[in-house]
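Here is my note on the model, point by point. Please keep the structure open while you read.

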Amino acid sequence: MTRLEKLNQLTKIDESIKYYEKLIDDREWSNEFGVGQVMQSIRKTNDHDIDIYKRCIARLNQRFRKLVLTLK
């Protein structure tokens, strides 16, 4: 993998992290001000989704750090 390909991959990973952070913000907003505030089943689904998104972000951060170490 060339340096340019690695930099492109790092950019994609960073964009994916931002995407998941936005999804988390949307779910948290729904729990605090939206339908999740009223309906417990939606709140549970949102909490579950938030947990999954945080795991995705953690995995993407691992990939990001691993790839940064290979840059020269």
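1. Start with K18 and D14, whose side chains meet in a salt bridge at 3.4 Å, N to O. A salt bridge here is a side-chain nitrogen of Lys or Arg within 4 Å of a carboxyl oxygen of Asp or Glu. Both residues lie in helix 1, four residues apart, about one turn of the helix. Helices are DSSP runs (H or I, at least four residues), numbered from the N terminus. D14 is partly exposed, at 31% relative accessibility. The cut-offs are these: buried is under 20% relative accessible area, exposed is over 50%, and partly exposed is in between (1.4 Å probe, protein chains only).

2. A word on the source. This is a predicted model, in which local features need pLDDT of at least 70 and side-chain atom pairs count only at pLDDT 80 or more, while totals for chains, interfaces and linings use all residues. Residues are numbered from 1 along each chain as its sequence is written, and side-chain values use heavy atoms, with hydrogens and water left out.

3. How many salt bridges does a search of the whole structure find? It finds four. Side chains of opposite charge can pair when their charged atoms come close.

4. One of them joins D49 and R27, at 3.2 Å, N to O. This pair links distant parts of the chain: D49 is in helix 2, R27 in helix 1, and they are 22 residues apart. D49 is buried, with 15% relative accessibility. R27 is partly exposed, at 29%.

5. Now look at D51 and R55. Their closest N and O atoms are 3.1 Å apart, in another salt bridge. Both residues sit in helix 2, four residues apart, about one turn of the helix. D51 is partly exposed at 33%, whereas R55 is exposed at 57%.

6. Is N46 buried or exposed? At 5% relative accessibility, N46 is buried. N46 belongs to helix 2. Its side chain makes a polar contact with the side chain of N31, at 3.0 Å. A polar contact is a pair of N or O atoms within 3.5 Å; within protein, one must be able to donate a hydrogen and the other to accept it, and residues adjacent in sequence count only if both atoms are side-chain atoms. Leaving aside neighbours within four places in sequence, N46 is in contact (heavy atoms within 4.5 Å) with R27, S30 and N31.

7. Last, V35. This residue lies in the loop between helix 1 (3-33) and helix 2 (40-69). V35 is partly exposed, at 42% relative accessible area.

Conventions
Helix = DSSP H or I, 4+ residues; strand = E, 2+ residues; numbered from the N terminus.
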